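Subject: Model handover and findings

Hi,

Here is the model for your files. Please look through it first; my notes follow below.

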Amino acid sequence: MFEGMTIFERIILESLEKNEKTLIELIEDTALNEKLIFQCLKNLAAKNIILVQERKYTLNYQGKEQWSQNLLQTDHLKLELQELLEGMLNVALKKTPESLLKIRKVHMDEKDEMILKAMLVNVEKFLQDLEKKNARSKKTSNKKIVFTGMAAYHDILHCV
Amino acid sequence: MGYQKTILSAFKQQYQDLTFKQMGELTGIQSTRLFRLYNGHEMRLSEYEILEKLLRSSQHSLNRWQNMIQEILTLTSAQEARTLELSLERLIYKKRLQEIPEVTLSLQTTA
């Protein structure tokens with residue numbers, strides 16, 4: 001059995017983390033089609049990650065320690081992140097007004113790097129504050145995905 | 001009719017997951033026509049050529065994949081090979097999830 005998690009299953013878990021839902025509510029919240037959701041739910045139930053009670057799907061909190069171990073394996077998380085990045089790249093290549101993906105290769109001295117890091121800390125704080133806002137009533141699929149980061153060129157060269 | 005049966009059987013083997021509709025899109029031959037061919041209607045020369053060309057190209061692609069896999073296994077570390085394996089496993093799993101279960105192809109060639 002595949003032990004990782006696809007983006008489809010991940011959004012279902014994020015949705016169920018807010019509250020238990022029926023299939024129709026999941027379709028509305030995730031914007032996935034019925035067949036795909038149904039297949040994902042079947043697989044998640046087989047992995048004991050979700051439970052079905054009176055037509056409502058809920059996370060299996062009692063067994064979380066066990067199933068979350070598989071999901072936290074570095075290999076699977078890395079591939080999941082790759083999937084998100086690839087999706088973001090594909091969206092950006094479509095050049096829709098909503099897509100935004102920038103990459104720059106620049107030299108920076110210590111002072112420049114300090115300024116940038118301070119700005120990134122501010123961005124991170126801003127995003128954390130947004131996360132804290134009560135967004136339970138908003139659709140999970142309407143979330144924005146934001147990546148921030150920086151790495152030295154030579155480090156990347158040795159890690160590909 | 002012997003060669004027709006062979007080529008249709010090879011095509012079925014190669015594209016076993018496709019529905020008649022999907023086969024029609026792939027070959028440019030109408031799905032209803034394909035259905036009739038699989039039920040014993042005689043094939044036209046142009047239809048032979050389409051199916052043969054697709055089979056040849058898919059065989060070429062399969063050989064390329066096999067060569068690449070053999071090469072990558074000799075070039076990569078065990079960890080890299082494992083990552084690649086997980087990545088392919090993930091892709092297959094994702095594609096299977098996304099598959100829309102249409103009426104599955106149930107091909108019957110006539111004797």
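Helices (H or I, at least four residues) and strands (E, at least two) are DSSP runs, numbered from the N terminus. On that basis, V146(A) lies in the loop between α6 and α7 (153-157) of chain A.

Some conventions before the rest. This is a predicted model, so local features need pLDDT of at least 70 and side-chain atom pairs count only at pLDDT 80 or more, while totals for chains, interfaces and linings use all residues. Residues are numbered from 1 along each chain as its sequence is written, and chains are lettered from A and ligands numbered from 1 in the order in which they are written.

**Exposed positions in chain A**

A residue is buried if 20 or more other C-beta atoms lie within 10 Å of its own, exposed if 12 or fewer, and partly exposed in between; the C-beta atoms are placed from the backbone. V146(A) counts as exposed because it has 12 C-beta neighbours inside 10 Å.

D112(A) sits in helix α6 (residues 110-132) of chain A. It has 11 other C-beta atoms within 10 Å, so D112(A) is exposed.

**Helix α1 against α3 in chain A**

Take helix α1 (residues 7-18) and helix α3 (residues 34-46) of chain A: their axes come within 10 Å and cross at roughly 80°. Therefore α1(A) is roughly perpendicular to α3(A). Axes are lines fitted to C-alpha atoms, for helices over the stretch in contact, and angles run from 0 to 180 degrees between N-to-C directions. Angles under 35 degrees count as roughly parallel, over 145 as roughly antiparallel, 65 to 115 as roughly perpendicular and the rest as oblique.

Which residues meet? From α1(A) they are F8(A), E9(A) and I12(A); from α3(A) they are L36(A), I37(A), C40(A), L41(A), N43(A) and L44(A). Contact requires C-beta atoms, placed from the backbone, within 7 Å. By class, the residues of this contact of α1(A) with α3(A) are 7 nonpolar, 1 polar and 1 charged. Here Ala, Val, Leu, Ile, Met, Phe, Trp, Tyr, Cys and Pro count as nonpolar, Asp, Glu, Lys and Arg as charged, and the others, Gly among them, as polar.

**The hairpin and its surroundings**

Strand β1 (residues 50-53) and strand β2 (residues 56-59) of chain A pair in the antiparallel sense over 4 bridges. Pairing needs at least two bridges found by DSSP. V52(A) has Y57(A) in β2(A) as its bridge partner. The two strands, β1(A) and β2(A), form a hairpin with 2 residues between them, and E54(A) in the turn has a positive phi of about 50°.

R55(A) lies in the loop between β1 and β2 of chain A. Its phi is near 65°, a positive value in a residue other than glycine. R55(A) is exposed because 9 other C-beta atoms lie within 10 Å.

N48(A) lies in the loop between α3 and β1 of chain A. It is not a glycine, yet its phi is positive, about 70°. With 13 other C-beta atoms within 10 Å, N48(A) is partly exposed. For context, most residues other than glycine have a negative phi.

**Where chain A touches chain B**

The contact takes 10 residues from chain A and 11 residues from chain B. On the chain A side, α3 and α5 (74-93) are the elements that give two or more residues. α3(A) gives the most, with 4 residues. That side of chain A divides into 5 nonpolar, 3 polar and 2 charged residues.

**Chain B**

Chain B has 5 helices and 0 strands. Of its 111 residues, 9% count as buried. Among contacts in chain B with a separation of 6 or more, 62% come from residues 24 or more positions apart.

Helix α1 (residues 2-14) and helix α4 (residues 45-75) of chain B have axes that come within 10 Å and cross at roughly 45°. So α1(B) is oblique to α4(B). In α1(B), I7(B), A10(B), F11(B) and Q14(B) meet Y48(B), L51(B), E52(B), L55(B) and S58(B) in α4(B). The contact of α1(B) with α4(B) has 6 nonpolar, 2 polar and 1 charged residues.

Best regards

Methods
Two residues are in contact if their C-beta atoms, placed from the backbone, lie within 7 Å.
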